[in-house]
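The following note sets out several points on the model shown below. Please read the points alongside the sequence and the coordinates.

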Amino acid sequence: MTHYYQFFSRATSAWPILTKSLTSGALFFGGDLICQALERVEEIDWKRTGRMTIFGTIALGPFAHFWYRFLDKRFPDTSGRTILKKVAMDQLLFSPPFYAAFYLSMSTMEGKSPSESWSHLRQQFLPTYGADLCVWPIVQAVNFRYVPPRHRVLAVGVVSVFWNAFLSSMHHSHSHSHALPAVPALLDVADSGTSEHIETLAADQTACQTVSTTPGSLVEKSLSSKLVHQSLSSKLVQKSPSLVA
C-alpha cells in the first residue's frame, strides 16, 4: 500500500493534471459499477459506465486540479476562518456549475436534444445540490484543513466513489420512473390463471407500452393509455371473481 501511495505521489508531482484526470475517471468508473450493482441489473451497461468515465476523466479531473490550485493560492493558510471561506466558495462557485455540466454532458452523450437535457437538469439539480450540502461541506472542511494540496483530489476521491454512485443513480433514475407493472405481478393476486388469462393480459400490456412509445399528441397518448389500463383492470376482475368476493 505504501508503494502505491509513493507512486501516486511521484505521479502527482510529475504529471498533476494527467494523474488527477485518470484518477477521477477511475472513480467515476467505480461509482457507476457500484450503482448498477445496487440496482441489481441483469447485465452491466458498459456504455453507461463509459460515459461516466469519460466525464470524470475529461471534465472533473482537470477542472478540480485548477480549482483547488486557485483556492490554495487565494487562501494559503489553514485557519478556521480561511477554511470556512474555502468551503463556502466551493459550495457556491464550484458545485452548481459542476452538476450542471454533469447532467448536460451525460444527457448529450446519450443523444438527448438540448431541450431534453435542460429539462433533465432542472428536474435533478435541486435534489442533487440539496444532498451535496449535507455531505460535502464537512468533507471539504477536513480536506482543506488536513490534506496536502497535491493530494486533495485523491482525498476527495475516497468519498467521491460513493458520491459518484449517487450521481449515477440520480441521472439514470428517470429511465425506470415510468416502468409498467409486469404481467406476472398482476396475475399473482388472482386465485387461478389460465393460458387464456395470460395471453389476454399480456396483449393488453403490450398495447399499453406501444401507446406510450408511439409518436403522437400527449392527449392521444394519455387517453389511449387510460382506456387500455381500464380494459386491463376490467378483464382481470372478470377473469378472477375471487378478487371481489
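1. What does helix α5 span between its end C-alpha atoms, and what would a straight helix of 33 residues span? Helix α5 (residues 114-146) spans only 41 Å between those atoms, whereas a straight helix of 33 residues would span 48 Å at 1.5 Å a residue. The expected span of a helix is 1.5 Å times one less than its number of residues. Helices here (H or I, at least four residues) and strands (E, at least two) are DSSP runs, numbered from the N terminus. In α5 there is a kink of about 40° at Leu133, shortly before the proline Pro137. The bend at a residue is the angle between axes fitted to the seven residues ending there and the seven starting there.

2. On provenance, this is a predicted model, in which local features need pLDDT of at least 70 and side-chain atom pairs count only at pLDDT 80 or more, while totals for chains, interfaces and linings use all residues. Residues are numbered from 1 along each chain as its sequence is written, and side-chain values use heavy atoms, with hydrogens and water left out.

3. Overall composition: the chain has 9 helices and 0 strands. Of its 245 residues, 37% count as buried; buried means under 20% relative accessible area, exposed over 50%, and partly exposed in between (1.4 Å probe, protein chains only). The accessible surface comes to about 14400 Å², with 66% of this belonging to carbon and sulfur atoms. Accessible areas come from the Shrake-Rupley method with a 1.4 Å probe; for residues, only the protein chains shown count as cover. Among contacts between residues at least 6 apart in sequence, 71% join residues at least 24 apart, where contact means heavy atoms within 4.5 Å.

4. Helix α4 (residues 80-109) also bends, by about 35° at Phe94, and the proline Pro96 follows within four residues. Its 30 residues reach 41 Å from the first C-alpha to the last, close to the 44 Å expected at 1.5 Å a residue. After α4 comes Gly111, with a positive phi near 90°.

5. The buried residues of α5 include Thr128, Asp132 and Trp136. Thr128 also takes part in a contact with Leu167, a residue of helix α6 (residues 152-172). The C-alpha atoms of Leu167 and Thr128 are separated by 7.7 Å, although the two are 39 residues apart along the chain. Leaving aside neighbours within four places in sequence, Leu167 is in contact with Phe98, Tyr99, Phe102 and Tyr103 as well. Leu167 counts as buried because its relative accessibility is 0%.

6. Which residues does the salt bridge of Asp32 involve? Asp32 pairs with Arg48, the closest N and O atoms being 2.8 Å apart. This pair links distant parts of the chain, with Asp32 in helix α2 and Arg48 in helix α3, 16 residues apart. Both Asp32 and Arg48 are buried. The structure holds 4 salt bridges, a salt bridge being a side-chain nitrogen of Lys or Arg within 4 Å of a carboxyl oxygen of Asp or Glu.

7. A second salt bridge joins Asp72 to Lys86, with the closest N and O atoms 3.1 Å apart. Here Asp72 in helix α3 is linked to Lys86 in helix α4, 14 residues away. Lys86 counts as buried because its relative accessibility is 2%, and Asp72, at 16%, also counts as buried.

8. Thr49 lies in helix α3 and is buried, with a relative accessible area of 0%. Apart from neighbours within four places in sequence, Thr49 is in contact with Phe29, Asp32, Leu33, Gln36 and Ile44.

9. Most residues other than glycine have a negative phi. Arg40 has a positive phi of about 55° although it is not a glycine. Arg40 lies in the loop between α2 and α3 (46-74) and is exposed, with a relative accessible area of 75%.

10. Finally, the surface carries a nonpolar patch formed by Trp15, Leu18 and Leu22, with about 350 Å² of accessible area together. Patches are made of residues with over 30% relative accessible area and no salt bridge: like charges are joined within 9 Å, nonpolar side chains (Val, Leu, Ile, Met, Phe, Trp, Tyr) within 5 Å. Trp15 is placed in the loop between α1 (2-14) and α2 (16-39), and Trp15 counts as exposed because its relative accessibility is 51%.
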